[in-house]
Amino acid sequence: MSVIYILLTISIIVAVIFFIAFIVAVKSGQYDDSYTPSVRMLFEDELIKEKPKTSKLTNQD
Amino acid sequence: MEHTSCFHCGDLCDTSTVLHDEKSFCCQGCKTVYEIFSDNDLTCYYDLQSNPGTTPQDIQGKYDFLSQQNIIDKLVEFDDGKSQIVTLYIPQIHCSSCIWILENLNKLNPNISSPQVDFGKKTVRLQYNSEHYSLKEVVILLSSIGYEPYISLEDFSTGKSHVNRSLIYKLGIAGFAFGNVMFLSFPEYFEVNEFWLEQYKPFFRWLMFAFSLPVVFYASSDYFVSAYKGLRAKVLNIDVPIALGIIVLFLRSTIDIMFDFGSGFFDSLTGLLFFLLLGKFFQQKTYSFLSFERDYKSYFPIAITKITKDGKEQPVQVYDIKESDRLLIRNEELIPVDGVLIKGNAKIDYSFVTGESEAVRKVSGDKLFAGGKQTSGSIEMEALKSVEQSYLTQLWGNDVFNKSKEDGFTTLTNMISKRFTIVVLSIAFISTTFWLFYDSSKALNVFTSVLIIACPCAIALAAPFTLGNMLRIFGKHKFYLKNATVIEQMAAIDTIIFDKTGTITSNKQSTAKYEGATLSSSEEKLLKNTLRGSNHPLSRTLYALLEEHDIITLDQFEEHLGQGLEGVHLKDRIKIGSANFVGKNTETALLNTAVHISSNNTYKGKYTFYNSYRKGLSQLFNTLKKQYDLAILSGDNEGELENLKKLLPVRTKMLFNQKPDDKLEYIKYHQSEGAKVMMLGDGLNDAGALAQSNVGIALSENVNVFSPACDAILDAEKFNRLGDFLGLSKSAIKIVNWSFMLSLFYNVIGVYFAVTGQLAPVIAAILMPLSSISVVVFTTIATNWVSRNLK
């Protein structure tokens with residue numbers, strides 16, 4: 001019968017973990033700038049494309 | 001001549017095209033930036049966006065003050081001796097290429113690490129190795145690629161800003177508690193007398209109690225504080241009934257579960273707070289790249305070059321400038337204090353101060369006022385006053401700048417709330433008295449029920465959602481408001497006052513009219529070609545106005561600084577410039593700027609420049625005159641009076657030669673007669689008037705450039721839509737009133753249940769979100785509907 005206590009405890013712990021994750025995210029400033037990351041995300045491909053180029057140059061040097 | 005645009009910055013390459021790498025550039029500066037990028041394999045910059053760049057400015061010697069330790073200490077966020085972290089404001093950030101290049105700064109110099117751009121705030125935060133690199137070098141590197149940081153006196157005196165995130169925490173807590181309490185109270189809604197549910201009822205209830213604790217004691221703290229402040233000031237603001245509702249909800253629910261009367265109202269309590277905070281969050285739209293609180297500090301440099309007694313140049317902090325100090329003002333530098341010109345060719349651009357774009361010429365011995373920008377070469381001056389005592393900065397000593405506008409203003413919601421609270425309290429007492437005689441066991445139940453159900457959640461949401469939504473709609477149309485209450489104040493305006501220069505006239509274009517002997521086509525050709533070589537603003541304007549001619553190569557070209565131009569082609573010689581320069585002595589003092597022309601030493605005539613008024617000006621004034629009193633306050637002379645009379649409706653008042661203080665006093669006078677004044681201005685000289693007016697709007701050609709402290713910033717190209725914005729703010733107030741009616745309707749239903757003693761928690765839990773959501777839906781649809789024509 002006391003299984004409900006265990007279940008409730010687990011469910012609340014899970015909820016609290018997510019809540020803490022939220023607080024930590026806010027505290028780290030994740031929500032301060034909501035635009036730049038959306039643009040930055042698209043740059044990753046460009047950077048990879050460029051790396052071989054740079055290395056080629058240094059080889060020539 | 002075919003117009004090609006610069007590969008780097010996109011400007012037209014009209015005077016001198018620089019070809020490099022099969023690409024054309026408008027100037028050497030742009031070419032250099034391109035070279036820097038291509039040498040470091042950063043040409044990706046040009047793939048992301050075409051013509052993303054900005055031309056680098058000449059900054060030689062400008063940042064010498066950044067080598068001073070006390071200034072560095074104020075600017076850097078973090079310093080452990082080995083590395084420093086600094087956040088720099090760069091107004092030029094405008095596209096994804098900018099983000100990309102700035103976040104790849106470490107490729108340009110290995111001493112820089114982890115640069116991070118905040119696009120909204122237009123800042124870049126970077127770390128650099130302070131043992132091998134300095135702040136000055138960082139700034140110079142940024143400037144050399146066209147991203148010159150803006151460092152002003154404000155950065156020096158305010159220090160680090162602190163981000164307040166408490167609202168988002170509160171919202172998170174309320175949402176978290178709301179969700180969990182809803183789950184826990186769900187079984188009780190159905191009143192199923194199931195054995196296990198009955199068994200665990202107390203446990204579930206106490207769990208709900210636990211979840212509501214942080215909501216009551218943390219998330220709702222703002223409402224208690226505000227209600228307390230309101231009561232102390234003897235004002236029944238909207239937070240009074242809300243705070244009362246929260247207290248009653250919490251106490252009644254606690255008593256209910258303690259003595260097993262029922263399940264309590266924890267679901268309504270947490271839901272109420274969640275919706276209220278959501279409304280607050282929604283209203284709190286800020287434009288982080290704009291600042292509405294600027295004073296002279298954000299225009300002024302941190303330091304300037306001082307010439308010591310033994311003739312050495314030394315950077316000195318602006319606040320440390322004393323009377324009779326000798327100062328060196330370089331090209332494009334701002335004059336920080338009032339003083340006397342000693343040496344050099346001064347052409348002072350007072351556009352920061354007056355909005356007037358034409359530079360003023362000064363000769364040695366003339367007085368210079370703080371706030372002007374030197375535009376040709378460097379000058380030496382002697383300080384007459386310290387920064388705080390200068391003519392312009394003294395304006396900020398006026399009381400207007402020290403009081404907040406919101407204080408003397410009762411919002412619509414608070415006006416309703418006053419009557420509402422009184423009505424609710426009387427209903428509560430009357431019904432309780434009735435039940436005391438009829439069935440005294442139910443009296444307390446009825447009393448608390450009335451206060452719970454009447455908690456004005458929907459009323460409190462009506463204004464934030466309507467005004468917040470309107471704020472966003474205005475923002476999309478380039479009209480940026482400081483906060484939502486500005487809309488309420490705008491709706492109450494009955495007088496509109498305009499500044500002239502820069503506000504109803506455009507800074508960019510001006511028109512010129514030619515008077516004198518007609519120029520032959522060869523003379524015109526020579527004139528146009530001579531102007532081609534000059535970068536003086538008047539030459540550029542005149543060049544753009546003249547018809548196209550073939551390009552000829554001049555045999556001789558000379559620019560006499562501050563006087564004029566001289567061009568020779570074959571046998572023809574042309575002189576363009578001031579009256580004295582071309583050899584004509586004028587006795588009559590002219591009110592308008594003019595450029596004189598002589599050909600082969602015979603005087604030909606002059607081009608007189610007129611302000612060009614913004615598009616749709618007279619149409620706007622004619623629409624506005626029906627509802628508002630209009631006036632124009634100008635710091636200029638009366639040169640444009642006749643022109644304005646033709647353009648504007650007859651009843652428009654026009655005052656000229658107004659000093660900043662006069663403008664402020666004029667508005668104060670009208671306000672004392674009961675007028676609600678809106679002021680539109682653009683320069684620092686309007687700052688006092690903008691602060692004094694009920695709604696101060698700064699007009700800006702480029703919203704990223706600085707504008708004085710104000711309630712709203714309007715993009716100049718939307719100037720002719722001002723009438724629409726005013727109309728919409730009135731509609732917004734109507735929508736708020738309708739939403740009040742809607743929420744009162746829900747309250748009447750709720751009060752019926754409460755007064756008759758039938759308020760079950762489930763009814764409260766249905767009515768409360770229903771009323772809130774329907775108010776939110778109504779206001780959102782209504783605001784979008786009224787603004788559908790705003791394009």
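## A strand pairing to start with

Let's begin with one pair of residues in this predicted model. B:T305 stands opposite B:P315, which belongs to β8(B). The strands around this pair are β7 (residues 303-307) and β8 (residues 313-317) of chain B; they run antiparallel and are joined by five bridges. Together, β7(B) and β8(B) make a hairpin, with five residues between the two strands. Look in the turn for B:G311, which has a positive phi of about 80 degrees.

The strands of a sheet pair through backbone hydrogen bonds, and the pairing can be parallel or antiparallel.

Now trace the four-stranded sheet of chain B. Its order is β3-β4-β6-β5, it is open, and its pairing is antiparallel. Which strands stand at the edges? They are β3 (78-79) and β5 of chain B; each has a single partner strand, so one side of each is left without a neighbour in the sheet. The partner of β5(B) is strand β6 (residues 123-129) of chain B, with five bridges joining the antiparallel pair. You can pick out B:S113, which stands opposite B:Q127 in β6(B). A helix joins the picture too: α4(B) packs on the sheet and touches β5 and β6 of chain B. The direction of α4(B) makes about 160 degrees with that of β5(B).

The other sheet to look at has three strands, in the order β12-β11-β14 (chain B), and it is also open with antiparallel pairing. At its edges stand β12 (360-362) and β14 (373-374) of chain B, each with a single partner strand, so one side of each has no neighbour in the sheet. Strand β11 (residues 346-349) of chain B pairs with β14(B) in the antiparallel sense over two bridges.

## Two helices side by side

Next, find helix α15 (residues 412-438) and helix α27 (residues 722-755), both of chain B. Their axes come within 12 Å and cross at roughly 10 degrees. How are they oriented to each other? Angles under 35 degrees count as roughly parallel, and α15(B) and α27(B) are therefore roughly parallel to each other.

Which residues of α15(B) make the contact? They are B:L412, B:I416, B:I427 and B:S431. From α27(B) come B:I733, B:V736, B:F740, B:V751 and B:V755. Sorted by class, this contact of α15(B) with α27(B) has eight nonpolar residues, one polar and no charged ones.

## Where the chains touch

Now for chain A meeting chain B. The contact takes 19 residues from chain A and 18 residues from chain B. On the chain B side, the elements giving two or more residues are α4 (96-103), β5 (112-118) and α8 (166-189). Of these, α8(B) gives the most, with five residues. By class, the chain B side divides into 10 nonpolar, four polar and four charged residues.

An unreviewed UniProt entry places the feature "transmembrane region" at residues 6-26 of chain A. In the model, that span is 100% helix and 0% strand, with its end C-alpha atoms 30 Å apart. For chain B, the UniProt annotation "transmembrane region", again from an unreviewed entry, covers several stretches, including 236-255 and 444-467. Residues 236-255 of chain B are 85% helix and 0% strand, and the end C-alpha atoms are 28 Å apart. Residues 444-467 of chain B are 88% helix and 0% strand, with end C-alpha atoms 38 Å apart.

Methods
Residues are numbered from 1 along each chain as its sequence is written. Chains are lettered from A and ligands numbered from 1 in the order in which they are written. This is a predicted model: local features need pLDDT of at least 70, side-chain atom pairs count only at pLDDT 80 or more; totals for chains, interfaces and linings use all residues. Two residues are in contact if their C-beta atoms, placed from the backbone, lie within 7 Å. Ala, Val, Leu, Ile, Met, Phe, Trp, Tyr, Cys and Pro count as nonpolar, Asp, Glu, Lys and Arg as charged, and the others, Gly among them, as polar. Axes are lines fitted to C-alpha atoms, for helices over the stretch in contact, and angles run from 0 to 180 degrees between N-to-C directions. Angles under 35 degrees count as roughly parallel, over 145 as roughly antiparallel, 65 to 115 as roughly perpendicular and the rest as oblique. Two strands pair if DSSP finds at least two bridges between them. UniProt positions are given in the numbering used here, feature names are shortened, and annotations may be inferred rather than shown by experiment.
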